[in-house]
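Have the sequence and the 3D view ready.

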Amino acid sequence: MKAVTTIGKQGLPERNTLGATSATIPEDSIERDADLGIMHHPKLSHVLTGELFRLHNAGFSLLPLGLKREPLVKFSTAVGKPTKRLPLSLVIEKMAGAGSANYAIRLDGLLVVDVDTDTPEARSYVERRFGNSAVQVKSPRGIHHYYQHDGKAPKAIRLPGISIDFKAGCQSLIAGPYAERADGQQYLPLKGKLLSVSALPLFTDNDLAEEEDFEEPMPRSATGKVARGDRHQSLKKRGMQLVHTAEDEADLFDNLRLFRDWECDFPEEVPDSEIVSLARWFWFKRCNNEIWGGRNSPMGMTRASFDQLINVRYGDQAWLLYSFVHSNHEHVGREFSIVPEAILAAGKLQALSKKDIYRAAKILVDQKLLSRRTVRDGKTCKYLYRIAGGRERGRSVDYIHAHNGNPKLSVIEGGQQ
């Protein structure tokens with residue numbers, strides 16, 4: 001039997017088929033703030049069906065999930081294309097029929113930063129690199145940050161105390177607000193509401209990907225233009241090409257907008273606000289000397305640091321080591337070890353001896369150009385360094401040494417503080 005709800009003067013249901021009345025809802029109940037619609041089911045809570053109704057009306061595509069979090073319907077065709085948006089009645093009936101209170105949102109035009117570790121380190125990392133979203137959902141393990149995004153998702157992040165995954169695209173799913181797993185754990189609104197895709201902040205990554213090849217040709221569709229899903233990344237590639245010669249931020253914006261209008265499929269789907277955000281981001285990077293160009297990238301060593309070392313005994317050796325660690329670590333912003341044997345084995349700093357490198361490192365610490373702290377590694381202690389005044393990023397450690405006897409220098413990430 002289908003449930004029937006009548007609407008009272010306050011817009012809340014007066015009575016449903018289960019006999020619950022709005023008068024029995026406590027004043028501090030989460031039901032008080034739920035957007036209850038007409039699609040109720042006796043096997044599902046009003047809060048859940050109300051949220052499903054609200055999200056569906058807002059244009060989001062919903063998918064019912066079973067007790068094992070498996071999709072209860074197909075969401076791709078035999079040729080791999082995404083299926084059409086499901087009717088809300090089908091979503092609710094499938095969930096109720098499986099005895100499940102779990103569902104997912106298809107991320108068409110969306111990206112979710114899925115923070116699995118709700119730690120101070122992870123929260124700080126997200127705020128610095130992506131900016132906190134105006135819409136956040138508390139998951140059983142962490143937090144989901146919602147953004148609008150047209151493109152591929154970044155690679156997962158694994159650092160000490162930080163575990164972040166990214167989900168994006170219509171074939172990707174994320175559990176929605178008020179979804180409940182079979183073990184009773186819920187996904188609850190933490191900040192804001194999902195009102196529409198366009199109401200979400202644009203996803204911006206404040207770290208330029210060093211491994212990305214900005215010279216690689218941009219992918220094109222059958223029309224010869226940049227296809228949906230590749231537009232944002234192609235705009236980033238174009239921005240990287242233009243930022244070196246642009247007269248100012250406005251000039252960069254004008255050229256990116258022309259690229260969108262002439263080179264992208266469906267340019268009307270890419271708002272000017274996205275172009276403004278990219279132009280501002282690239283111009284900020286240029287003004288702060290942070291445009292990554294591989295070994296052609298400039299290094300931000302100050303003249304004052306040179307002045308500090310020029311009149312110090314063995315200052316020339318210290319300056320050589322300082323240049324070396326600056327080149328390999330300043331743009332990364334992590335702590336690192338200085339291992340003279342490994343540096344020399346990799347064919348680096350051949351003008352110095354092992355003793356020279358140790359002495360140069362001490363001079364840099366004494367001159368406060370490097371900070372140093374001692375950590376215990378089993379029964380031994382070692383030094384970890386950071387460039388003084390440099391940027392701080394993840395808390396993992398880079399070790400400089402030759403990998404398996406390979407004479408080429410390798411930087412191996414990992415380890416604990």
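The axes of helix 1 (residues 46-57) and helix 2 (residues 88-97) come within 10 Å and cross at roughly 150 degrees. Axes here are lines fitted to C-alpha atoms, for helices over the stretch in contact, with angles from 0 to 180 degrees between N-to-C directions. Helices are DSSP runs (H or I, at least four residues) numbered from the N terminus, and strands are runs of E, at least two. This is a predicted model, where local features need pLDDT of at least 70, side-chain atom pairs count only at pLDDT 80 or more, and totals for chains, interfaces and linings use all residues. Residues are numbered from 1 along each chain as its sequence is written, and side-chain values use heavy atoms, leaving out hydrogens and water.

**Helix 1 and helix 2**
- Helix 1 and helix 2 are therefore roughly antiparallel (an angle over 145 degrees).
- Leu48, Thr49, Leu52, Phe53 and His56 of helix 1 make the contact with Leu88, Ile92 and Met95 of helix 2 (contact means heavy atoms within 4.5 Å).

**Helix 4 and helix 6**
- The axes of helix 4 (residues 231-243) and helix 6 (residues 272-287) also come within 10 Å, crossing at roughly 40 degrees.
- Residues in their contact include Leu235 and Met240 of helix 4 and Trp281 and Phe282 of helix 6.

**The whole chain**
- The chain has 10 helices and 12 strands.
- Of its 417 residues, 44% are buried (under 20% relative accessible area, with a 1.4 Å probe and protein chains only).

Methods
Parallel < 35°, antiparallel > 145°, perpendicular 65-115°, else oblique. Buried < 20%, exposed > 50% of the residue type's maximum accessible area, 1.4 Å probe, protein only.
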